[in-house]
Amino acid sequence: MALKGSLTDISIADLIQLNCQSGAQARLTAQRASDGAELSVYFDGGEIVHAQVGDVQGEEAVYELLLWQAGTFEVEQGIRAPTRTIDVPWSALIMEGLRRLDERQVQAPAAAPSALERALSEMAARLSFQGIAVISRDGLVLAAELPGQLDRARLGAIAAGLLSLSARSVGQLQRGELQQTVIQGTEGKIIITHAGETAALVALADTQLSLGMAFLEARETARQLAGLLGT
Amino acid sequence: MAAPQKRSEQLAETLRTLVSGSTDIQGVAVISMDGLVIAAELPSKLDQARVGAVAAGILSLSGRSVGQLQRGELQQTLIQGSDGNVIITHAGKNAAFVALTGKDVNLGMAFLETREGAQKVSEILG
């Protein structure tokens with residue numbers, strides 16, 4: 001039995017996840033609305049074994065097709081891949097594809113902001129902080145609302161350094177697992193709080209904001225972000 | 001008249017009094033900017049030299065970070081862990097004051113005691 005539908009109802013990433021989790025042998029084909037271009041992805045034993053978009057085959061084809069947003073698709077069971085061009089776990093392919101997608105959005109500032117950017121922007125409007133950012137543990141800035149004079153990349157690098165040193169220090173001084181780092185300066189504060197397993201919230205405050213209020217808002221915001229990031 | 005107390009004794013006594021009189025602070029150390037311990041009153045399971053080295057590292061990175069993110073001059077760093085806190089602040093020009101607390105403490109009180117401790121240490125060191 002074939003499953004048919006529109007890519008506006010279910011995304012390519014979701015279709016890949018669905019087919020990989022079922023573990024069945026299947027072929028996903030799709031036609032892009034904008035130009036009629038076609039793609040095919042073959043699944044076997046819970047992995048993507050082959051993908052083709054135009055002349056592009058293998059991993060690059062998967063990264064390309066993750067960008068597709070509108071079109072029709074069909075999934076047919078029991079169709080064997082003509083060849084094997086992919087040996088990477090499907091989850092790694094999706095992660096890398098989404099990372100590239102984010103990178104494209106960073107490079108093209110005219111593009112719509114990501115859902116995370118929008119959510120962060122809404123949060124920032126209500127919070128007493130001068131700026132907030134979400135960073136991954138390795139210092140990549142996932143989203144940021146910062147005062148104009150501050151550079152995103154610099155903030156990410158500094159915060160990641162502080163995170164890693166704090167985590168090591170808290171262990172060496174036998175204080176358990178790192179939860180939060182707060183640095184107070186004569187002209188403001190920096191608060192770094194874990195937001196889920198993989199990210200951290202960085203908040204910048206001026207001297208007017210009380211430490212109690214800053215902690216309260218940082219904790220609430222980190223919890224919301226952890227929810228958004230699904231960790 | 002008793003001989004004037006040595007500076008090292010004064011310092012040790014100040015730290016001892018602070019820790020024994022506090023319900024929140026479990027241990028304190030005074031360290032030089034290059035990570036050497038000047039005086040300490042720490043729980044026995046903690047190695048003094050390690051505390052000095054770790055705290056100096058935090059102090060140095062915090063100082064740089066606060067400048068680069070345009071927050072003025074470093075006043076205090078707090079690191080919160082699931083089992084307790086580390087508070088580091090300057091004690092005069094050439095030393096830092098480190099305080100360790102357990103978990104679920106009155107942070108406001110711990111800050112106050114840390115500031116007072118750092119102030120006393122700064123006066124003793126001159």
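User: What must DSSP find before two strands pair?
Analyst: This is a predicted model, and its strands are read as DSSP runs. Two such strands pair once DSSP finds enough bridges between them. The cut-off is at least two bridges.

User: Which residue stands opposite Leu74(B) in E3(B)?
Analyst: Start with the strands. Strand E9 of chain A, residues 178–185, pairs with E3(B) in the antiparallel sense. Seven bridges link E9(A) and E3(B). Opposite Leu74(B) stands Gly185(A).

User: Which helix gives the largest share of the side of chain B that touches chain A?
Analyst: The contact takes 31 residues from chain B and 30 residues from chain A. Three elements of chain B give two or more residues each: helix H2 (48–68), strand E3 (74–81) and strand E4 (84–90). The largest share is 10 residues, and the helix that gives it is H2(B).

User: How many residues on the side of chain B that touches chain A are polar?
Analyst: Chain B brings 31 residues to the contact. By class, 12 of the residues on that side are nonpolar and five are charged. The polar count is 14.

User: Is strand E8 of chain A largely enclosed or open?
Analyst: E8(A) covers residues 141–145. Four of its five residues are buried, so the rest of the structure leaves this strand largely enclosed.

User: Which residue takes a positive phi in the hairpin of E7(A) and E8(A)?
Analyst: Strand E7 (residues 131–136) of chain A runs antiparallel to E8(A), joined by four bridges. Ile132(A) is opposite Glu145(A) in E8(A). Four residues lie between the strands of the hairpin. With a positive phi near 95°, the residue is Gly139(A).

User: Are H1(B) and H3(B) roughly parallel or antiparallel to each other?
Analyst: Helix H1 (residues 7–20) and helix H3 (residues 107–125) of chain B pack with their axes 10 Å apart. Their angle is about 170°. Angles over 145 degrees count as roughly antiparallel. H1(B) and H3(B) are therefore roughly antiparallel.

User: How many nonpolar residues are in the contact of H1(B) with H3(B)?
Analyst: H1(B) brings residues including Leu11(B) and Leu18(B), while H3(B) brings residues including Val121(B) and Ile124(B). By class, three residues of this contact are polar and three are charged. The nonpolar count is four.

User: What pLDDT does chain B average?
Analyst: In chain B, 98% of the residues score at least 70. For the complex, the predictor gives an ipTM of 0.89 and a pTM of 0.66. Chain B averages a pLDDT of 93.

Notes:
Residues numbered from 1 in each chain as written. Chains lettered and ligands numbered in written order. Predicted model: local features only at pLDDT ≥ 70, side-chain atom pairs only at ≥ 80, totals over all residues. pLDDT = per-residue confidence, 0-100. Axes fitted to C-alpha atoms, helices over the stretch in contact; angles between N-to-C directions. Parallel < 35°, antiparallel > 145°, perpendicular 65-115°, else oblique. Contact = placed C-beta atoms within 7 Å. Nonpolar A, V, L, I, M, F, W, Y, C, P; charged D, E, K, R; others polar. Buried ≥ 20, exposed ≤ 12 C-beta atoms within 10 Å, placed from the backbone.
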